[in-house]
Each structure stands twice: as C-alpha cells, then as structure tokens.
Number of protein chains: 2
Amino acid sequence: MDVYALIIAGGVGARFWPRSREYSPKQLLEIIGKGTMIQNTVYRLDPIVPRENILIVTGAFQAEEIRRQLPQVPPENIIVEPVGRNTAPAIGLGAQILRKRAGEAMMIVLPADHLVHDIAAFQDTLRKGIAVADESRGFVTIGVTPDRPETGYGYIQFNHENHERPYAAHDGYKVVTFAEKPNLETAQLFLESGDFVWNSGMFIWRVSTILNGIVDHLPELSDELQKLDEAIDTPNWTQALEQAYNGMRPISIDYGVMEKAENRYVIPADFGWNDLGSWDEVARLFPKDECDNAASEGVFLRDVRNSHISAGGNRFTALIGVEDLIVIDTDDALLICHKGRSQEVKEVVDHLRKKGLDQYL
Amino acid sequence: MDVYALIIAGGVGARFWPRSREYSPKQLLEIIGKGTMIQNTVYRLDPIVPRENILIVTGAFQAEEIRRQLPQVPPENIIVEPVGRNTAPAIGLGAQILRKRAGEAMMIVLPADHLVHDIAAFQDTLRKGIAVADESRGFVTIGVTPDRPETGYGYIQFNHENHERPYAAHDGYKVVTFAEKPNLETAQLFLESGDFVWNSGMFIWRVSTILNGIVDHLPELSDELQKLDEAIDTPNWTQALEQAYNGMRPISIDYGVMEKAENRYVIPADFGWNDLGSWDEVARLFPKDECDNAASEGVFLRDVRNSHISAGGNRFTALIGVEDLIVIDTDDALLICHKGRSQEVKEVVDHLRKKGLDQYL
C-alpha cells in the first residue's frame, strides 16, 4: 500500500515571537541546527514517504514560503485552509483528498514544527506504526516515553497486558485512555507507572480508517467533506473549501475522534522528541558554554550566566552581570524574558494584536 | 570685568555606550529632559555669560555637531584639540586665547556634561564665585555639598574657621586639601565631618590667575602656550596647535595646579548636581512608575521591576519577568546590564576598539 504523509503546518507560533511572525511562524524558521522545522519534517521522511506523496495543510500567509522552502513537494499538495479550524478538519481534508487521488492508502500525520533528534529511531517507529495500522485497521498514535513529569503535554495510557494479537511483533499497544495535561503530582504518578507516554500529535492510519472514524464521531465534519469531494482538483476547489470551512466547528482530532474511537494503538518510542513549545525549550536544547550561556556569535558577555541570547544580524549586543535571561533580538523587535517565563510571550502577541501594531505580528 | 566661560567638551562618554558614540558622546545627547547636555550647559549661563563669550574646547569628531547644536556660539570660539590631553592643557589653551582676545577677564570653567537641577541656585553660586575670584585673585572651585558617602567623586576639604577676610560675604572658604576618590569608610567620615564637599570640576578665576598658576606649577605647559600665543586667530593656528599638542603631557588641572596652588577657595553649594557618570546615575534620576520602572513609551512590560529601558525608535521591545536591568537599545546596538554594573560598560567599548568594530564606537 502506498504511504502518504500529511504535515500540519497551521500554527502561528506566537510563543516564538519576535522571531516567529504571521508570515514566518515557527515551522518556517531555522530554530535549532540546519534547515527549517518543516524542511526537516519532510527530509526525515525520505526513506518512507516520497516527496510527491507529502501533503501539507497550512494557512494563506505561509503557503508561498512553504512552496519556496520545499520545491520538491508538488504545489497541488499544499492545501491552503481559508481559516484555521484545529486538527480534525485539517486531517479530514487531507484524508478526503488522498482517497480521491489514491484510493486506499497509508497516511502518516505529523506536526510541522517538532524536533526529532534520533532520525533512525524515528523512522523505525514509523515503520512499526505503519505495520500496526495496516494489520489492525486501527488508529495508531506515536507515544513518546516520558523522561520527566512534564505538565505541558497530554498523556496516553496504554495496556501492557492487552495484546489481543501479536500486532507487528507486539509493537502496538492498546490505548486505555487519553489524558489531558496533568498537574505535577499526576504527571509524577504517570511517569512512575510506566503505563503512560506523551501524546506527540503524530498519527498513522489507513485513509479509510480515519474517514470512517470521522463518519462515526464527527458526522457534521464528514458531511462537509463529502460535499467537498467532487470539487477536489477542480477549478471550484478554493470556493468550495471556503464555503465548507465557514460552517466548520474547530475541533482537535484527539478530542473529536481519538478519545472516542475503539481500536486505538500506541507505539511507545524514544527518538529524542521535543515539540519546542517555547523559547525555554529551545534554550534547554542549545549547547552551552562553561557559564551555561548559549549566545550568537559576536555577542559580548561579561559575567553573564545561564542565559540564551539570539542576536540580530548587523547589530552589536552586549550583556553585563545578568543571569537567567532569554534575549531574542530581531531587526525590528526585541524580547527580554526571564527563563521559565517564555510561555508568557504570547501575551506580547495578544498586546500587539489589540493595539493594532500589525507590523510586529 | 567681562565674564567668559570655557566649556570642556572633550569626553568620549564611553560609559554611555551604546547611545554615546565617538561622533555623539554624552555631552551631545539629550539624556534627561529637553536639550542636549552641552546645550543646557550653555543655556543656564544666559544671565551671567553672553553666548559670544562662551568658548568650547572639544575634539575633531564633535566640533561640527557642537556648531550645529549651538549656532549662537561664534564658530571661532569652538576650539578643536587635535588630541585629548586632559583638562590642564584645555584650560590653559582657553585662558591663553582669552588673554589674547580680551586681556584680563573673569573665566568660568565648566564640564559640558553635568546635570544641574536648580538653575537659580547654580547661577547664584556662580555669582558668588565670581565675586570671590575677583576679590581674592585666587583659584575658586565649586564644591557640591554631599548627601551620601559617594566613592565615585573626589572631595575638597575646606576650613570653616579660616576666613582671613570676609570674601564676598563669606561665600568662599579656604581649601585645605583635595582628596582623591575615597573608599566607603573614608567617604562616610568625610560626610559626617561637614568639612568636605564634592569636587565638581567647575572653576572660576581671573585669566591672569590661572595663567600664572600654570607658569608656577606647569612650566612646560606654560612654555607651549607662550609659543602658541602669536598663532591665535591667525591662519597658522591649526598647525601650531597640532605641534604644541604633540609634545604636551596629559595632566588634569586638579593634579597639575589646584593641588599645589596657594590661595584656593571653594564655594559650597547645593543645586541638584549630578555628573551623570553612568547609566546607573541616569536610571536613578528618571521618574519611575509604581514598579520602579522607567521605560520609553510603547515598551511592553509584564511583571518587570526596578528596570530602566531606553528603547530604539522603530523597534518594539518587550520585557517579561525581569528586574534590576538597564536596557539601552539603539538602531545598531543593544546593551543589557544589571543595575549597579553600568561602570563596566566601558569594557564593551574597549572590546569594540580591540576588535576593530569601529562602526559601533
């Protein structure tokens, strides 16, 4: 069966202001290492999904830049949502298009803006997931083995004992439940139990499986997708899509389908995953000097500790006697944030929107 | 007797990087309130010294900007030193020019980059100083009554009892000694004694008094000034000045003359003086909001305390969860400094010089 990937590139990345902007959100930026997040998301699929089998769902602001960054992905595979409606409509749309173009197929769903450290282990996980999804005709998710009681992620509980059949050599475990972001105490229990993995937002299923799941659990969305079907790859597409999206309810695939479906499997995995949810996450991942600093080349540091400094191109930056700072300097905007507080960066974006300071968004 | 003022505008203001640059040092900037430091230095002399009686000694980098900022000061009164040689040569040069142009005159010497809060009190002090200098034919300095055991200034000890004559209604006190910057313990003793005032670097004397003082205590400088005399206001001036300065030893008027001379008087005064020696001083003087912040208009602050933020023109600046910072953002350079550490800003300037990063100097 042919394998396709649907990459969800809808986020505006407000938490990465001032580097992420409406026209260049996190997934389009080179945040760590070489290549942008979305380029690396595509590149690490190479041995599993040919680039012409990659679909990308994104917004109007970003489509052009995605085409520029990924010339090998056919332009008709870049699906521009008229407005964001969370993951269920985006995934349904991708599945509907795949069924029209390819009939039955294997479908991998991946966020465009996650970091994967061990690419071989990641690819191995996908192969296992494909085998489980193929054999079980179920909903397969990739769960990341937690190494800390993280409160920023959802968790998936799975059943070690419940191997009804030896799915693909026991790689898939039956899902017991999806758990929302826990408090620290609960996260600690999750971690100690060994029964929980982080919900990575990565899914693998047959196209028919997810479309049937939407029929069962999101019938309104299913109706809209049916209506759209005949406009796919015709000149009416853009208009039909706009009409369909107007009436759609924003809902996540987790809440809309996964939490309700039967026949759910998780592949626990450990491939050095990070969803890069904030500048603090980025700061944690950067290599540090002997004073625990990570600074752009040329930045002047005098008695500075545990700070992350990303400096702008032709500007000279100097820090004296400070610690625990995240400094993100761009051509037209500057963020100075205490470490541990970078979740609040989205407040800046809200402020800019409220004040009509669109040039900084 | 005509009253002249010599304004010393030689400093490069390295401690005010990144706002102060070689072409726009501290004295040419609007740091607090309206008007640049040197403009305010001239304006507050208005009732005492007509603007055509104001001489300014400065460096080549700054002369043009001074002419632009002070069009009312005759261009021939702006004396461009080929190289900085500390205050004694600059003051000697001014005095020599004044003798040639005006014969005997009263001469007020003022730094270009000091802040004066109470202008009426300042002018009153100058008037007293002029009277004392005129009557005593001595060296008159202005001493600022200390309100804290400051270790960053030199001190002048004076004799309350030693009124040999009722100089100008007892306004002038005999100087006992000039004391270098003290340590905190000594500064505390100075403060408690009531016998010490801060050395403001402001002087008042007859032209003949200071020239004779230079003859007595800096004979080499006196020789150079004599040689220069006939070139004053001739086409040979620039070349003669360059030659003279080549051989001159850099020395301050305090060390070269004041510490050795007899007949020294101090006028203790309290006119809200500040030499603005660092960004910390500036931060102290700015009005603060209820969280002890002073920020440029439009800066986004979230849970920020006791910080001073001077933001650049068309850039948007946001701070989250930080405290005790001094942030100076300009078009091409950024300083982030812990409060209390701004003396170290000159290390940045040294670094830029060493690295040949002249565009940021």
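This report walks through a predicted model with chains A and B, from its overall build to a few single residues.

## How to read the model

Residues are numbered from 1 along each chain as its sequence is written, while chains are lettered from A and ligands numbered from 1 in the order in which they are written. Because the model is predicted, local features need pLDDT of at least 70 and side-chain atom pairs count only at pLDDT 80 or more, whereas totals for chains, interfaces and linings use all residues.

So what is pLDDT? It is the predictor's confidence in each residue, from 0 to 100. Chain A has a mean pLDDT of 93, and 98% of its residues reach 70 or more. The model also comes with an ipTM of 0.85 and a pTM of 0.85.

## Chain A as a whole

Chain A holds eleven helices and 17 strands. Both kinds of element are DSSP runs, numbered from the N terminus: helices are H or I with at least four residues, and strands are E with at least two. The radius of gyration of chain A is 21 Å, close to the 21 Å that the globule rule gives for 361 residues, so chain A is as compact as a globular protein of that length. (That radius is taken over C-alpha atoms, and the rule is 2.2 Å times the number of residues to the power 0.38.) Along the principal axes, the C-alpha atoms fill a box of roughly 60 × 50 × 35 Å.

Of the 361 residues in chain A, 47% count as buried. Here, buried means that 20 or more other C-beta atoms lie within 10 Å of a residue's own; exposed means 12 or fewer, partly exposed is in between, and the C-beta atoms are placed from the backbone. Now look at contacts in chain A between residues at least 6 apart in sequence: 68% of them join residues at least 24 apart. A contact here means two C-beta atoms, placed from the backbone, within 7 Å.

One open sheet has six strands in the order S13(A)-S15(A)-S17(B)-S16(B)-S14(B)-S12(B), with mixed pairing. S13 of chain A and S12 (294-295) of chain B stand at the edges with a single partner strand each, so one side of each is left without a neighbour in the sheet. Two strands pair if DSSP finds at least two bridges between them.

Where do the chains join up in this sheet? S15(A) and S17 (residues 333-338) of chain B pair in the parallel sense over five bridges. In S17(B), Leu334(B) is the bridge partner of Thr317(A), and Cys337(B) is the bridge partner of Ile320(A). Ile320(A) also has Arg302(A) standing opposite, as S13 (residues 300-302) of chain A pairs with S15(A) in the parallel sense over three bridges. Further along, S16 (residues 325-329) of chain B and S17(B) pair in the antiparallel sense over five bridges, with Val327(B) opposite Ile336(B). Helix H11 (residues 345-354) of chain B packs on the sheet, touching S13 and S15 of chain A together with S17 of chain B.

## Strand S15 of chain A

Is this strand buried or exposed? Five of the five residues of S15 (residues 316-320) of chain A are buried, so the strand is largely enclosed by the rest of the structure. Phe316(A), Ala318(A) and Ile320(A) point one way, and Thr317(A) and Leu319(A) the other. In a regular strand, side chains alternate between the two faces of the sheet.

## Where the chains touch

In total, 29 residues of chain B are in contact with 29 residues of chain A. On the chain B side, S13, S15, S16, S17 and H11 each give two or more residues, and S17(B) gives the most, with six. By class, that side has 17 nonpolar, five polar and seven charged residues. (Ala, Val, Leu, Ile, Met, Phe, Trp, Tyr, Cys and Pro count as nonpolar, Asp, Glu, Lys and Arg as charged, and the others, Gly among them, as polar.)

Glu104(A) sits in the loop between helix H3 (87-102) and strand S4 (106-111) of chain A. With 13 C-beta neighbours inside 10 Å, Glu104(A) counts as partly exposed. Leaving aside residues up to four places away in sequence, Glu104(A) touches Met1(A), Arg206(A), Val207(A) and Ser208(A).

Terms used:
Axes are lines fitted to C-alpha atoms, for helices over the stretch in contact, and angles run from 0 to 180 degrees between N-to-C directions.
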